[in-house]
Each structure stands twice: as C-alpha cells, then as structure tokens.
Amino acid sequence: MVNLIWLLMLATGIIVSALNGHIESVTASAMKAAELGVEVAIELIGVMSLWLGLMRLAEEAGFIRGLARLFGPAVRRLFPSLKPDSPALGAIIMNLSANILGLGNAATPFGLKAMQELQKENPTPDVASPAMITFLALNTSCITIIPATIIGVRLKANSVNPTEIIGTTIVATGCAMTVAIIADYLIRRRRRS
Amino acid sequence: MKVIAEISRWAIPLLLLLIPVLAYLRKVPVYESFVAGAEEGFKTGVRILPFLIGMLVSIRVFVDSGALEMVSHWLQPLFAFLGLDPNFASIIPLAIMRPLSGSGALGVATQLINQHGPDSFIGRLASTLQGSTDTTFFVLTVYFGSVGIKKYRYALKLGLLADIVGLIVSVWIVTKVFY
C-alpha cells in the first residue's frame, strides 16, 4: 500500500504538472525536497542527540523506570504483548507526554527510541508488531492540548480570539484517539481468535 | 488555558535542569552518560535519511503540481449542487494534505486562514484540523523505516481511520461550538 501511494503521488504530480504546462517545476521540486530531507535529518540529529542524552541520564538515575511504574498500569493495558518491565514503556510515555504538551521536536526522538525498544521485542524483524501499531496509532492521533503553531498563524492573521480553537482541537483529537484505541483493540482481538 | 501555556513554556527548561541535577545526586556520571546517550542520535538520524528523502520528494512533486487545487476546483460545483457551502471544497486539499506532510498542511492552512479570515467558518475549521490530526503517513514511513520494518500490516488503515474521524469530528464540533 505504501509503495502504491508513493508511486501515485509522484506520478500524479508529474502528470498534472505536464497538463498545467509547468513540467520544469517537477525538477526543481524534486531537487529541493531531496535537499530538504537532508536538512531535516541534520536538524533532527542535533535535537535527537540532546534528548537521547538526557534520556540516558534519566534512565541511569532510574526516573524512566519510575515513570513507567507510575503511568505503566494504564499504558500497559494497551500493550499486552510487551513484557511488564519493558524499557519501551518509558519511551512511549515520554513520547506521548511530549505530544500532548505540543513539544513536537522532543516527541520525535522519544518516538524513534520507543520504536527501537519495541523492535527488540519483535519476533519478526521486518513485520510490524501489534505493539508498534498500537504505539503509532496513539502517536498519530494523540490528544493535543496546545496547538501552538496554528495559534501563531491565527494571531498573525489578526484573529479576534486566536486561542478559541483549543477547545475544538481537544475534542477532535480526543475522539480520533478514542476511535483509534478501540479499533486497534478490536483488530487485535479478532486476529488472535 | 493560561496555565497550560505556562506549562508548555516551562516544561523543557525544567526538564533540562531537573534531570541532570537529580541524576548527579544519584551518583550518575552525568556528562559521560549524556554523551553516551547522544551518540545514538546521530545513528538514528542517518538511518532515517533515505526514508525522509523518499517521502519528501514524492509529496513535494505532488503538492507543487497543483493537483490538490484541481480537486478542490472540481468539487466546488458538486458541493454547491448538494446544497453545501461551496467554500467547503477548499478544505479538501487540507484534509488530503494533513496525513502526508506537516509543513505542507501548515502552508495550506495558513493560506486558507489568510484568504477566508481566521474567524470565518473555513478559518476555524482549518485551524482545528491543523491542530488535531497528525501526519500519519509521514510518521509511519519514517518510524517504521528507522527500525527496518517493511510490512506495516494494518497500521496505515488504523492511522487513516483516526484521521477521518478527526476530520468529521472537526467539522461537527466547529459547527456546533461557533454556529
């Protein structure tokens, strides 16, 4: 499915550009995007190193284990396939907390770290484990309390009340997250039986 | 709301202060441990590079082609025919864009907000949509790619289901709260 979507986006983009008479823009877009990929990765290396370094300190001081023990019981129910003391739980909790607080660039390092920990417990290294899918469903549908970027855009556009969309955002993300959790649970149960 | 904004302002500085101090008190060699942990950042960054480039190129070519505007242009008469606000069609590019690319969706949302006004129906809906669902497709490819997963199984369907729910609920709640 990913292969198909990837190809469809690329092919549609090129065909539509040709039809619209600006085929040369494809070249510029592709090159620019490739460069941007490197920029994003380099930036991420910096932020990731900072957070993973800090996370190592927290791990060695026993905070991550403490965090997992504190929130673990709730989170563990969503990940029945993980070992109860799995190190992935700490990273998952850190990632979700960062997402909820709208700390986007802190969320990614913890998320990638969680994936690495989950992969260690994955019996089939090239197939996604149920725990990974649950984690990504949570991660992409996670409740956002402060949509900071869009509030900034509204502020610049002279909104009378830039923060008035916080409530609607919380409701929308809350519903999306609830449906994702329930759907994931049902799929897992059906696959097991 | 003020309290939440304050928390997000203080969260990172406090973490940067508290974790090293408390770790030091617990006899952790703070600097050495930090460096050891940071080393992983480089490896992860390099590992996700090809996935980032692959996705960004395909998404960018698609977006820059103007295909999304075409779709919205075609949909306008259809929406009018169904008795809906034809402006509503302009939200479709954002809805398609949101799961693909964060910065791309932000661009579309910003343009919609500036064009229709931040306090219009479209402006509020675009803000809510942008604030809610995440870039499912992008996160999936990069996260799975970083650990070498090739078969996503039902992950994409689940993520897109959440996005569709987010879209429907956004339309409903914005209508309900503001109109």
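Which residues gather in a patch of positive charge on the surface? They are A:Arg190, A:Arg191, B:Arg153 and B:Lys157. A patch takes residues with over 30% relative accessible area and no salt bridge, and like charges are joined within 9 Å. Each charge is placed at NZ of Lys, CZ of Arg, CG of Asp or CD of Glu.

Before going on, note that this is a predicted model, in which local features need pLDDT of at least 70 and side-chain atom pairs count only at pLDDT 80 or more, while totals for chains, interfaces and linings use all residues. Residues are numbered from 1 along each chain as its sequence is written, chains are lettered from A in the order in which they are written, and side-chain values use heavy atoms, leaving out hydrogens and water.

Helices are DSSP runs (H or I, at least four residues), numbered from the N terminus. B:Arg153 is partly exposed because its relative accessible area is 38%; buried means under 20%, exposed over 50%, and partly exposed in between (1.4 Å probe, protein chains only).

**Salt bridges**

Side chains of opposite charge can pair when their charged atoms come close. Over all chains, the structure holds 10 salt bridges, each being a side-chain nitrogen of Lys or Arg within 4 Å of a carboxyl oxygen of Asp or Glu. Here are some of them:

| B:Glu40 | A:Arg56 | 3.1 Å |

A:Glu164 is buried at 18% relative accessibility, and B:Arg124 is buried at 12%.

Salt bridges with shared partners link A:Arg56, A:Lys113, A:Glu117, A:Lys120 and B:Glu40 into one network. Within it, B:Glu40 counts as buried because its relative accessible area is 19%, whereas A:Arg56, at 21%, counts as partly exposed.

The B:Asp119 to A:Arg154 pair also crosses between chains, running from the loop between helix H5 (102-116) and helix H6 (121-131) of chain B to helix H7 (residues 148-156) of chain A. B:Asp119 is partly exposed at 25%, while A:Arg154 is buried, with a relative accessible area of 0%.

Definitions and conventions. Patches are made of residues with over 30% relative accessible area and no salt bridge: like charges are joined within 9 Å, nonpolar side chains (Val, Leu, Ile, Met, Phe, Trp, Tyr) within 5 Å. Accessible areas come from the Shrake-Rupley method with a 1.4 Å probe; for residues, only the protein chains shown count as cover. Lys and Arg count as positive and Asp and Glu as negative; His and the chain ends are not counted. Helices (H or I, at least four residues) and strands (E, at least two) are DSSP runs, numbered from the N terminus.
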